[in-house]
Amino acid sequence: MYKQLKPMLNEREQIEHLLKNGVKFEIISEKDAEEYLKKNNNYFKLTAYRKNFEKYATGKNKGKYINLDFQMLIDLSIIDMRIRKSLLNIVLDLEHYTKIKLLNKVENTTKDGYSSVEKYIQNLKPEEYNSLECELNRHIKNTYCGDLVSKYNKEYPIWVFIEIIPFGRLIKFYKFVAENLQDKEMLNESYLLKNVRELRNACAHNNCILNNLRQGTAKPQADYGMLREISKIGISNGAIGKKMSNARIQQIVTLLYLNKKITTSEGVLKYQKEMLQELKNRIERNIQYYSNNTLIKSNLNFLNRIIDTWYNNSV
């Protein structure tokens, strides 16, 4: 039995549907909103941010959104796009400096570029080994790293191995090396890296980030070093706990914390600071839209305080 299919609405019908659900067109006109849907964004992606708005529970407006204007959806989608671009830039830098730290650790302890990779592969369970084989085989015809896979033919030095494995595999290898070196700092970083992997993929695939800011979508991170740094932004532990119980906010903050911890280039950090300050300014541009929406306003302000405290250009 087929479930009932939803009809595909044109832009005018989409506007009518939103009006029925209580979305207002006061900051932006219906005509301009219709034009925006035609040229700038699709209805499904834009309306995903409705999750952050409450609905009337009773009365004649029951089921309709409270204080939601179409322009707010546009604003959130633009902020989200800016966040994705900024964070993807940062997570690629973090990936690079994670590799540098890993190489330095191995070089300073073993002086052997092959044994760590060999031991890692030997310790893989059959299904995990097959998964690694598939990852490497996908690269054989790759324009950029296929020659490396073919040249070394399963006898990879660490500096080659880390360049031909995906981010998820890099995190597993990082954890394996940390355990073998009994390096608690690296081991802790491997868990934090795992927490930002999903965010990395979301940014790379242009998924919405800010479309669910509600509490309780993740367990608060118990990394005391990170919590100590978060406490410097000047809000209560209770408020921090609530914000960090949202999976998306938690992953963003974890990325920004780890990046500051692992990235060693002053030039890269300076560029990131400038980029994040621009993001902060864009977030603040229309913050008055959300004066009656504590969920959105408090989370955006939380991210801005993190940026200002950790990535202030005057520091």
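Trainee: At what angle do α14 and α15 pack?

Mentor: The axes of α14 and α15, as lines fitted to C-alpha atoms over the stretch in contact, are 10 Å apart. Angles run from 0 to 180 degrees between N-to-C directions. For α14 and α15 the angle is about 155°.

Trainee: What kind of model is this?

Mentor: Residues are numbered from 1 along each chain as its sequence is written, and side-chain values use heavy atoms, leaving out hydrogens and water. Local features need pLDDT of at least 70 and side-chain atom pairs pLDDT 80 or more, while totals for chains, interfaces and linings use all residues, since this is a predicted model.

Trainee: Which residues of α15 does α14 meet?

Mentor: From α14, the partners are L276, Q277, L279, K280, I283 and E284. By class, this contact has five nonpolar, two polar and three charged residues. On the α15 side stand L300, N304, I307 and D308.

Trainee: Is I283 buried or exposed?

Mentor: I283 is found in helix α14 (residues 266-285). Beyond its neighbours within four places in sequence, I283 is in contact (heavy atoms within 4.5 Å) with I79, L300 and N304. Buried means under 20% relative accessible area and exposed over 50%. At 1% relative accessibility, I283 is therefore buried.

Trainee: Which helices do the buried residues of α14 pack against?

Mentor: Buried residues in α14 include V268, L269, Q272, M275 and L279. Their packing partners are α4, α13 (247-262) and α15 (294-310).

Trainee: What is the handedness of the crossing of α4 and α10?

Mentor: The axes of α4 (residues 70-109) and α10 (residues 184-204) come within 10 Å and cross at roughly 150°. α4 and α10 are therefore roughly antiparallel. Among the contact residues are R84, L88 and K105 of α4 and E185, M186 and L193 of α10. The crossing of α4 and α10 is left-handed.

Trainee: Which helices do the buried residues of α9 pack against?

Mentor: The 15 residues of α9 should span 21 Å, and its end C-alpha atoms are 21 Å apart, which agrees. Buried residues of α9 include F167, L170, I171, F173 and F176. Those buried residues of α9 pack against α4, α5, α6, α8 and α10.

Trainee: What is the relative accessible area of E179?

Mentor: E179 has its place in helix α9 (residues 167-181). T109 is 70 residues from E179 in sequence, and their C-alpha atoms are 13 Å apart. E179 is partly exposed, with a relative accessible area of 39%.

Trainee: Which residue takes a positive phi just after α9?

Mentor: Look just past the end of α9. There, a positive phi of about 55° is taken by Q182.

Technical notes:
Helices (H or I, at least four residues) and strands (E, at least two) are DSSP runs, numbered from the N terminus. Angles under 35 degrees count as roughly parallel, over 145 as roughly antiparallel, 65 to 115 as roughly perpendicular and the rest as oblique. A crossing is left-handed if the near helix is turned anticlockwise from the far one by less than a right angle, and right-handed if clockwise. Buried means under 20% relative accessible area, exposed over 50%, partly exposed in between (1.4 Å probe, protein chains only). Ala, Val, Leu, Ile, Met, Phe, Trp, Tyr, Cys and Pro count as nonpolar, Asp, Glu, Lys and Arg as charged, and the others, Gly among them, as polar. The expected span of a helix is 1.5 Å times one less than its number of residues.
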